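Subject: Structure for you to look at

Hello,

Here is the structure I promised you. Please open it before you read on; my notes follow below.

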Amino acid sequence: MKKFLLATVALAALGATAPALGADLGARPYYNKAPAYAAPLYNWTGFYIGGHVGGAFSGSNAFNGLVLSDYSARLMGGVQAGADWQFEPNWVVGAEGQYSWLGRNNLNAVFPTGLAFTSDQRALASITARVGYTWGPGLVYVKGGYAYSDNRDTLTLAGAPVAFALDTDHRNGYTVGAGVEYMITQNWSAKGEYQYYNFGDTRFVTPAVLVPFGSFHNEEHTLKLGVNYRFNFGGPVVARY
């Protein structure tokens, strides 16, 4: 009986001290799982419109050295519009249309016969495909396609117009180029670009007196800085880790 009473007292004492011991040990720690990290990736997929300024520089374009004045370097400015698609996930393909107005560019050739030829190139245009590689906000690309030259040709003798014919109108050609574009915000990007235009060789068919003077070459080198406003599809891409 005494042993039973002693055991009961011991259990009661242990029960009384258990809460104090638990308080000394402290609360059980709670571990909250950290949320998944989402890194924003820039999305190049979508349509865009924009504008550009720069300079145009003519290549060699003379009738056997008979060019007396050639405004080969002049200002240019224009507009562009296009669409891109990003895939794989760092490659971008797209298409772009571009139109650039040119400052004064009169190619003047005076022949020994007294005939004077003037070619006034007023604008350049192109429709190109492009492919690029992107790393976040940056994009490096190459482009190429169809080119158009808005030019007006005249032939005069002592200031009076003379009828003539060329074997080509040197308006249609091809273009290639390369550039870098950087996405400043989700919707705005800036770019720098080099573009080369080639419109082939042109020679006189009539009058016959000018046929022996051969042909002149039509090519342009351009440097442009531009900005685009982008209508992105679906906002930025999100990669989860």
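In which strand does Ser149 lie? Ser149 lies in strand S8, residues 138-157. Helices (H or I, at least four residues) and strands (E, at least two) are DSSP runs, numbered from the N terminus.

First, the ground rules. This is a predicted model, in which local features need pLDDT of at least 70 and side-chain atom pairs count only at pLDDT 80 or more, while totals for chains, interfaces and linings use all residues. Residues are numbered from 1 along each chain as its sequence is written, and side-chain values use heavy atoms, with hydrogens and water left out.

Confidence

pLDDT is the predictor's confidence in each residue, from 0 to 100. The protein chain has a mean pLDDT of 82. In that chain, 74% of residues reach 70 or more. Among the elements, strand S11 (residues 172-183) has the highest mean, 98. Strand S14 (residues 237-240) has the lowest, 44. Please treat one stretch with care: over residues 3-14, pLDDT stays under 50. For residues 3-14 the model has zero contacts beyond four places in sequence. Contact here means heavy atoms within 4.5 Å.

Overall make-up

The protein chain has one helix and 14 strands. Of its 241 residues, 37% are buried. Buried means under 20% relative accessible area, exposed over 50%, partly exposed in between (1.4 Å probe, protein chains only). Take the contacts between residues at least 6 apart in sequence: 70% of them join residues at least 24 apart. The accessible surface comes to about 13,600 Å², and 68% of that belongs to carbon and sulfur atoms. The areas come from the Shrake-Rupley method with a 1.4 Å probe; for residues, only the protein chains shown count as cover.

Around Ser149

Ser149 counts as buried because its relative accessible area is 1%. Its side chain makes a polar contact with the side chain of Gln121, at 2.9 Å. Another polar contact, of 3.0 Å, joins the side chains of Ser149 and Asn151. A polar contact is a pair of N or O atoms within 3.5 Å; within protein, one must be able to donate a hydrogen and the other to accept it, and residues adjacent in sequence count only if both atoms are side-chain atoms. Beyond its neighbours within four places in sequence, Ser149 touches several residues, including Ala123, His170 and Phe199.

Strand pairing

Two strands pair if DSSP finds at least two bridges between them. S8 and S11 run antiparallel, joined by 11 bridges. Tyr148 stands opposite Asn172 in S11. S11 also runs antiparallel to strand S12 (residues 188-206), with 10 bridges. A hairpin joins S11 to S12 through four residues. Met183 has Ser189 in S12 as its bridge partner.

Nonpolar cores

A nonpolar core is a set of buried Ala, Val, Leu, Ile, Met, Phe, Trp, Tyr and Cys residues joined through side-chain atoms within 4.5 Å. The largest has 12 residues, among them Phe63, Leu107, Leu155 and Phe216. Strands S6 (106-110) and S7 (115-135) each supply at least two residues of this core. Apart from it lies another core of seven residues, including Met76, Leu102, Leu124 and Phe199.

Gly94

Gly94 is in strand S5, residues 91-102. At 18% relative accessibility, Gly94 counts as buried. Gly94 and Gly132 are 38 residues apart in sequence; C-alpha to C-alpha, they are 8.7 Å apart in space.

Best wishes
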